[in-house]
Every structure is written in structure tokens, then in C-alpha cells.
Amino acid sequence: MTNRITDPNPMTQATPYGSWPSSITSDLLTQQSVRLGEPQLTANGYFWIESRPQEKGRCVLMQQPLSQHTQAREVLPNHISVHSQAHEYGGASYLATDHDLFYVNGSDQRVYRWDGQSATALTPEGAFRYADFCLDPGRQRLLCVREDHRQRDQDQSDQEEINELVAIDLTRVDCSADAVTVLVSGHDFFSNPRLSPDGKQLSWLCWDHPHMPWDHSECWLSPLSPAGLPDPPQRVAGGPGESVFQPQWSPSGQLYVVSDRNNWWNLYRVETEGLTPISQLEAEFATPQWVFGMSTYGFLSSDRILACFSQQGQWQLALIELRDAAQAPAWRALTSEFTEFSQIQCQGDRALFLAANARQANQLLTLNLSGLQDDPIQSLHCLAHSSQAPLPTSVISQPQSISFPTGGGEEQAHGFYYPPCNPAIIPPSDEKPPLIVLCHGGPTGATDTGLNLKIQYWTSRGFAVMDVNYRGSTGYGRHYRERLNGTWGIYDVEDVCAAADYLVAQGLVDPERLAIKGSSAGGYTVLAALTFQNTFKAGASLYGIGNLETLATDTHKFEARYLDTLVGAYPQQKAEYLRRSPLYHADQLNCPVIFFQGLDDKVVPPNQAEAMVAALDAKKVPVAYVPFAGEGHGFRQAHSIQRCLEAEWSFYSQVFDFSIPEDIEPVEVKHIQPRSREVV
């Protein structure tokens, strides 16, 4: 039975902001929480991945039989982690069908078939990575994306990995190299290989440097020869200034895609004469394709689609009834308590997806859409929770959607404000709370309103939090997303500073205790804001970027040319890279900063954080550095996640001079002035 968290005993006197005792502990975030992802639906039941911090981030493949009275179980032996490293970020690391199960073993990146008792390797040993699978049953093969690292690994050259669409022969048992056949090559990146229901056509997405898939991507379609080889393909969607997402075949053999050709990512049907719109909303039916296998819609039948889309940062669920060419599709909103939806999978009348809201963390839900139910939402059933520690509503800070002026008052940016919240505490009447401004990663990404225990960790301790969707974020159309093109380190910095200024002007936060925090690209925004502006008094950078020039020459293939769009072509515009790099202007950074870094990070290597730490140490600016061995880009292990939060709390207590419990291990902040208060 799950233990329910209760409020701490009420205080009888005012407690300073930042030092509030809270039952939302760092242990709660790891020991009773998992990350849910990659749901799939078959005739044999429901499948999904659980990433478990308490097992050092192991990605566990789970199965729930169709009978809801049967308990979910782990599918594979407990030494196996199902995780693809393709594009470094992975995704779509397994395929469950009605008869077979295929997966990528995280330890060697080979593809295996599981028969219920044992695993059989299908691909040879070597410097390969695989993802995004599609079964070709008629030809007994598995179609997927392969990332070939052989050339780069052998000669340690600057030669990039080769990405291709390949077919894995399922009749071979020798795992020789010729068991894998290259089907499509010639582009820098591929994703979404999908076979038509009759097995006669293959569709896929591709894109090339310097573009990212949300900038410029293309959907191609090719007939297959009797031997299964692609004939000359044709581009059916995409091109300059257009991003295409999730090509998918209907059960009757009609191809659909999501495209942002009208500024918004809308759903289209591919016709001989072009694309026919299924939706024409000022809404987004897609998100940035950072990982493989993302899905915002699925087919319940040839004429019924279950889809999710976002408007102004909030997601909705809809049922679309397709009609003949003379009639527009019929839309039916499916109203529920949830405000976040993702990873929609459908089979027959059943649907499977992830959902969350401000009071409930991500959970895996099933939905039965059989018949003509008046309210199909009533059939929602939860298969798995990302958090097994439900919180009473009274301790949860509710997000407030805010739009605020920026860019000299000429434009608007958006975000969600979380006030301090702890019903057991009497807040002081003579002070305002410290503020943490959050910068999401990407930077092409977005924040949302799903329950985030890391945010509640801070609000329950007396911090206000502002989660910013700066210009360049997704969810507000292509034009808003493109505002960061050429202006990264400028507009995002303006927006996070404008967000803090707005809350100060509203009298909601203490102007002398403004902190900023972000990871990866968000970490760059942190360092740029602290270096080039004077709004914030402290910052926390998690595997953030201090030197844009180094990032342009030392990151992985997927993002190797990302900065061409965000900053400018390198080395042609080297001067601009140096101008916007906090490392080269560290003399302007004069407030305390704490750095957290995974030592195995291939996306933002440790030398980024270490160079910034050395620069601040040399000028005796208060600085702390917390490295984590065995961690890459994003922390997966329970100890790392817990230590990160507690060290950050210790850092703020020293910088903003408030007390924290003695059992919190202090972090060493070099050059910090002694505190005036004792710990409690």
C-alpha cells in the first residue's frame, strides 16, 4: 500500500522564506518516482518503459496484459536496460507486435528478439546504434534507423556518423554484417520509417545539416520492389521553411503527416495533388522531435483519429471523424481533468497515452472508444504512475499562466508562475519570497503545467518559481519559435529578465533574492543572463554551456550545426560566437553560481562547466562545482538527483542567508562570505 504524504506539523510562528520544512524531500523524487515513456499497444496488452533512478536510471520494459485485473510485470531480465543512444537522446528503443518483441540493449546497442524465455541477437557487434522500428511481416524483416559510428571510432577523425534506413533480416541467425541491408541513405538524418498496410510503400522523414527537424524536414514516399528495395522516391511534404512530423498510415492505406506550412503544426492527409488539411487551428499538433518515436495522434479506424494539440501552453484531447472529400472532418473535444497529453498510441477502439495536470504527475492512461459512448473519458484507466507518492492538494502550488511584456515592451513572452505554498507554515509578513526563474532546455522546447515535483520541492520551501516559455519556445506557432533564430543569448535572456522584473513590479518577489536556473541550453541562458545583465543575484547551471565556440566544434552530430540557426554559421561568424560566450566575458559575471555536471556528458562535455568554474574561481567570485561520475546529459541516478537538489538548497541558503536543516550536506561555495545565521 502506498504511503500518503501528510502536511508537517503547523508552525506557531513565522518561518523565513526558503527555509520552510517540507515533506517533499529529495528522496521522494527518486525512491517513489519513475520516468514513463515509449508506450505501445498490441493485442497482447500494453507496453511502456520505466526509467528508474533507484536502479541507476535503468530503463525497464513493462507489460500490462489486457485484463486490468492482471498485475503489470517486467518483461526482460533485471540486468537489461532498454535504451537507444541514437542521436544521443534515443527514443523508440523497442517494438512490441502481436507476435514478437524487439529491443535495443542499452549495454551494447545491438537489437535483440525476445521469445518470452531468452534473447536472440539480430544485429552484429560493432559501432552501431538503432532506433525507430517498423515490422515488415511479409518479408520477415525489421525496418529501422541505423547510426554507423565505425569510421569515426576507427580513425578518431572528424568524420561524422552515417545515418541510414536499414532492414534487419529476421530469418538469419548468424548476426553477420550482411543480415542488415541499407535501404535509404544520402541524408544526414532519418526517422519514422513506416510501411503501408499492404507492404508496397515506404515513407520516412529526413533532414540535413544545418537544419534541425523542426526547422526544415521532408517526408518521402517510395514504392517497394518485390524484393523490398525502394524505387525512386518522391517528396510528398516538407521543404524550405516547413517542418514535418509523424508520418503515419491509416488502416486503409492513406498517409497522414503533421506540417507547420501555415505557421502552426496541423494535421494533413497526403493526396496525389498535395496535402489536404484535416485541422486548420492556431494550435500545435507536434512538439520538437528531440527523440525518436514521438506521437500526437493515432488511428482508431480508417475514419477515426484520436489526437492531442496545444494552445497557449495547454494541451487538449480530440476525436476526429473523417468524412468524404466533400465534407470537413467532424471534431469532438474530449474534456478531462488533464492539461498535458503525449505519446498517443491506438489499436482498434483502444488508446494509450501519457497525461498529467497541475495536481497529478505523468501517468499512463488507457481509453476505450468503442461504440457511441456519450462520454468516453469515463472509461479512462490508469496503468502506471510516474510518482507513487500522491500529495495532498493543499501542498501543491498551482501554476498561474502569465504573459508579460518583453523586447522593450514591443513583444510578449509567456510562462507559468508558482507562488510559495505550504499550508503548515506561517510566512513572514515583513519580507517577500526569493524567486527562481527556470529556463527550459532545447532551447527549442517548452515548459508545461504537469505536476513537477522538482518545482514543488522549491515552492514548498518558500521559494516562488517562474517557468518561462521565452521567445523561441514551441507551442505558440512557427513564427514565435523562429524569434530565437540568430538571437540565442539575446532574446531568451531579455525574456527571463523581463519575467523577473514583471514579478518584482507586481510586488510578488524579493528583488534582492532573484535566482535563475536551467539545464543544457537553459544553462547557457542562465550564464548569459548572469554575464550580460544584472537582474539576478545568483544562478544554478546544470550541464550548461559557457563557450559557444567549443560547443560548435565539440558536440554530437545531431546538434553539430544547431547553432548555425541560433547564432550564425561557424567559423564564418566566429566573432559572434565569442561575443555571446559567457566564458570570454567572465569579468562581467560577479554573482554566485553553482555548476552541476555529468562527467560522461557527450552533448555538453565537462570542459564547459570546468572552464567557467576556473574563470570565476580566478576572480574570486563565489562558485561551487558538483560533478557526477557515471552521469551523461541529464541525471538518471537517484543519488545524483538527490544531491543536486540538496546542494542547490545549501547554495541558496549561503547566498541568500537563511537556515536549512543540519542533515542537509552542505556544498562548498568558494569565496562566499560567512553566513550570519546558524543552521536549524
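The largest cavity holds about 130 Å³ of space, where a cavity is a set of points, on a 1 Å grid over the protein atoms alone, at which a 1.4 Å probe fits but cannot get out, and a volume is the space filled by probe spheres set on the points, with grid points joined across faces, edges and corners. This is a predicted model, in which local features need pLDDT of at least 70 and side-chain atom pairs count only at pLDDT 80 or more, while totals for chains, interfaces and linings use all residues. Residues are numbered from 1 along each chain as its sequence is written, and side-chain values use heavy atoms, with hydrogens and water left out.

**Cavities**

- A search of the whole structure finds four cavities of 30 Å³ or more.
- The largest cavity is lined by 17 residues, of which G442, I545, L551, E559 and Y562 are the closest to its centre; lining residues have an atom within 4 Å of a point.
- By class, this lining has 13 nonpolar, three polar and one charged residues, where Ala, Val, Leu, Ile, Met, Phe, Trp, Tyr, Cys and Pro count as nonpolar, Asp, Glu, Lys and Arg as charged, and the others, Gly among them, as polar.
- Helices α7 (548–554) and α8 (562–566) each supply at least two residues of the lining of the largest cavity, and α8 gives the most, with three residues; helices are DSSP runs of H or I with at least four residues, strands are runs of E with at least two, and both are numbered from the N terminus.
- The second largest cavity holds about 80 Å³ of space, and the residues that line it include W214, D215, R478, E482 and Y562.
- Its lining has four nonpolar, four polar and four charged residues, and the largest share, three residues, comes from α8.

**Four-stranded sheet**

- An open sheet of four strands runs in the order β21-β22-β23-β24 with antiparallel pairing, two strands being paired if DSSP finds at least two bridges between them.
- The edge strands β21 (297–301) and β24 (330–333) each pair on one side only.
- Strands β22 (residues 304–311) and β23 (residues 314–321) pair in the antiparallel sense over eight bridges, and S310 stands opposite W315 in β23.

**Residue A119**

- A119 lies in strand β8 (residues 119–121) and counts as partly exposed because its relative accessibility is 35%, the class between buried, under 20%, and exposed, over 50%, with a 1.4 Å probe and protein chains only.
- Leaving aside neighbours within four places in sequence, A119 is in contact with Y103, Y112, R113 and W114, contact meaning heavy atoms within 4.5 Å.

Terms used:
1 Å grid on protein atoms, 1.4 Å probe; cavity = no way out; pocket = protein on both sides within 12 Å on 5 of 7 lines; lining within 4 Å.
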